[in-house]
Amino acid sequence: MNFLIFYKNDFGNDNLYYSELEGNKWGEIQKFSKTISGKDNERHGSISKDGSTLYFVSNRPGGFGEYDIWYSVK
């Protein structure tokens, strides 16, 4: 899998972005959907080996601490 995940600060809010390798060049940078990159801070994304699950860290409501590990299944 040739998939790059990173986060950047969008005016005080950290959001997850991704790009896919297309041949020998990286494709257009895209922001994850609002269900993943919403109004809270999302950082440190990682995809499972089979590509079906995205794990990330967020301070969104419903967690147990300041930043918790969340996941989203494709």
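This is a predicted model: local features need pLDDT of at least 70, side-chain atom pairs count only at pLDDT 80 or more; totals for chains, interfaces and linings use all residues.
Strand E1 covers residues 3-9 and strand E2 covers residues 14-22; the two run antiparallel and are joined by seven bridges. Within this pairing, phenylalanine 6 has tyrosine 17 of E2 as its bridge partner. E1 and E2 form a hairpin with four residues between the strands, and phenylalanine 11 there takes a positive phi near 55°.

E2 also pairs with strand E3, residues 25-26, through two bridges in an antiparallel arrangement. Here the bridge partner of leucine 21 is tryptophan 26 in E3. E2 and E3 make a hairpin as well, with two residues between them, and glycine 23 in its turn has a positive phi of about 70°.

Strand E4, residues 30-31, runs antiparallel to E2 and is joined to E2 by two bridges. In this pair, glutamine 30 of E4 is the bridge partner of tyrosine 18.

**The sheet of E5, E6 and E7**

Three strands in the order E5-E6-E7 form an open sheet with antiparallel pairing. Strand E5 (42-47) and strand E7 (68-73) are the edge strands, each pairing on one side only. On average, and with direction ignored, neighbouring strands of this sheet are turned by 25° against each other. E5 is joined to strand E6, residues 53-58, by four bridges, and the two run antiparallel.

The table lists the pairings for which a bridge count is given.

| Strand pair | Bridges | Direction |
|---|---|---|
| E1 (residues 3-9) and E2 (residues 14-22) | seven bridges | antiparallel |
| E2 and E3 (residues 25-26) | two bridges | antiparallel |
| E2 and E4 (residues 30-31) | two bridges | antiparallel |
| E5 and E6 (residues 53-58) | four bridges | antiparallel |

**The nonpolar core**

Which residues make up the largest nonpolar core? There are seven in all: Ile5, Leu16, Tyr18, Phe32, Ile36, Leu54 and Phe56. E2 and E6 each supply at least two residues of this core. In soluble globular proteins, nonpolar side chains tend to be buried together.

Leucine 54 is one of the core residues. Not counting residues up to four places away in sequence, leucine 54 touches Ile5, Phe32 and Ile36, along with Gly45, Ser46, Ile47, Trp70, Tyr71 and Ser72.

**Valine 57**

Valine 57 lies in strand E6. Is valine 57 buried or exposed? Its relative accessible area is 19%, so valine 57 counts as buried, the cut-off being under 20%. With neighbours within four places in sequence left aside, valine 57 is in contact with Asn41, Glu42, Arg43, His44, Tyr67, Asp68 and Ile69. Lysine 74 is 17 residues from valine 57 along the chain, and their C-alpha atoms are separated by 17 Å.

**Aspartate 14**

Aspartate 14 is a residue of strand E2. Aspartate 14 is buried, with a relative accessible area of 6%. What does the side chain of aspartate 14 make a polar contact with? The partner is the side chain of arginine 43, at 2.5 Å. Arginine 43 is also among the residues in contact with aspartate 14 when neighbours within four places in sequence are left aside; the others are Tyr7, Lys8, Asn9, Asp40, Asn41 and Glu42.

Definitions and conventions
Residues are numbered from 1 along each chain as its sequence is written. Side-chain values use heavy atoms; hydrogens and water are left out. Two strands pair if DSSP finds at least two bridges between them. Axes are lines fitted to C-alpha atoms, for helices over the stretch in contact, and angles run from 0 to 180 degrees between N-to-C directions. Buried means under 20% relative accessible area, exposed over 50%, partly exposed in between (1.4 Å probe, protein chains only). Contact means heavy atoms within 4.5 Å. A nonpolar core is a set of buried Ala, Val, Leu, Ile, Met, Phe, Trp, Tyr and Cys residues joined through side-chain atoms within 4.5 Å. A polar contact is a pair of N or O atoms within 3.5 Å; within protein, one must be able to donate a hydrogen and the other to accept it, and residues adjacent in sequence count only if both atoms are side-chain atoms.
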